[in-house]
Amino acid sequence: MDDVTLHLAQEPEADELLGRSPLAALVGMLLDQQVPMEWAFAGPHTIARRLNADDLDAHEIAAYDPEEFAALLSTKPAVHRYPGSMAKRIQQLCAYLVEHYEGDPTALWEGAASGKDLLKRLNDLPGFGKQKSQIFLALLGKQLGVRPAGWREAAGAYGEPDAYRSVADITGPESLQRVRAHKQQLKAAAKASGK
């Protein structure tokens, strides 16, 4: 994965970290629920800053005292709406990466035989369900140059070109608005059908 500039946090320093740090991108994806996307993807930069580091380290986070790590995420402004539970999830993710990939998230995709294999590996991560895994797979393929055979099919609708369905399609303010409009349409359709 070459350093690229992502535009998910809509903050230059936070986006720069996401583009050069596979762990920061994974943690941002993990945080991307029940809060605005920009808040979620700014989280890894906030955590790194509070750890006095220029990147996140899976070994360090996995070994961090859980109460102290929760306090780190809870300090105002909090990293997430639910900083305590998210601190636990981030530590579980990092512990999994340490146990299965020697703490190196790139080993997740570098050893993947296919898009289907990579999707399974992402699904196995703590805190990653099918939808989150497919969105992250699409982000890897569309913006980060990680394209094992069959990645678009494995990513489902999120892998379609010019889909504007998720963070995988956000490359700047205009595409952010298109993704937001798509999500609002989905919510309106769900509300209209009584779900």
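**Exercise 1.** In which hand, left-handed or right-handed, does helix 2 pass helix 6?

*Solution.* The model is a predicted one, in which local features need pLDDT of at least 70 and side-chain atom pairs count only at pLDDT 80 or more, while totals for chains, interfaces and linings use all residues. Residues are numbered from 1 along each chain as its sequence is written, and side-chain values use heavy atoms, with hydrogens and water left out.

Helices are DSSP runs of H or I with at least four residues, numbered from the N terminus. The axes of helix 2 (residues 22-31) and helix 6 (residues 83-101) come within 10 Å and cross at roughly 140°, with angles running from 0 to 180 degrees between N-to-C directions. The two helices are therefore oblique to each other, a class left over once angles under 35 degrees (roughly parallel), over 145 (roughly antiparallel) and 65 to 115 (roughly perpendicular) are set aside. Helix 2 passes helix 6 in a right-handed crossing, meaning that the near helix is turned clockwise from the far one by less than a right angle.

**Exercise 2.** Identify the residues through which helix 2 meets helix 6.

*Solution.* With contact taken as heavy atoms within 4.5 Å, Leu23, Leu26, Val27, Leu30 and Leu31 of helix 2 meet Met86, Arg89, Ile90, Leu93, Cys94 and Leu97 of helix 6.

**Exercise 3.** Describe how helix 2 packs against helix 3.

*Solution.* The axes of helix 2 and helix 3 (residues 37-50) come within 7 Å, crossing at roughly 130°, which makes helix 2 oblique to helix 3. This crossing is right-handed. From helix 2, Ala24, Ala25, Val27, Gly28, Met29 and Leu31 make the contact, and from helix 3, Ala40, Phe41, Gly43, Pro44 and Ile47.
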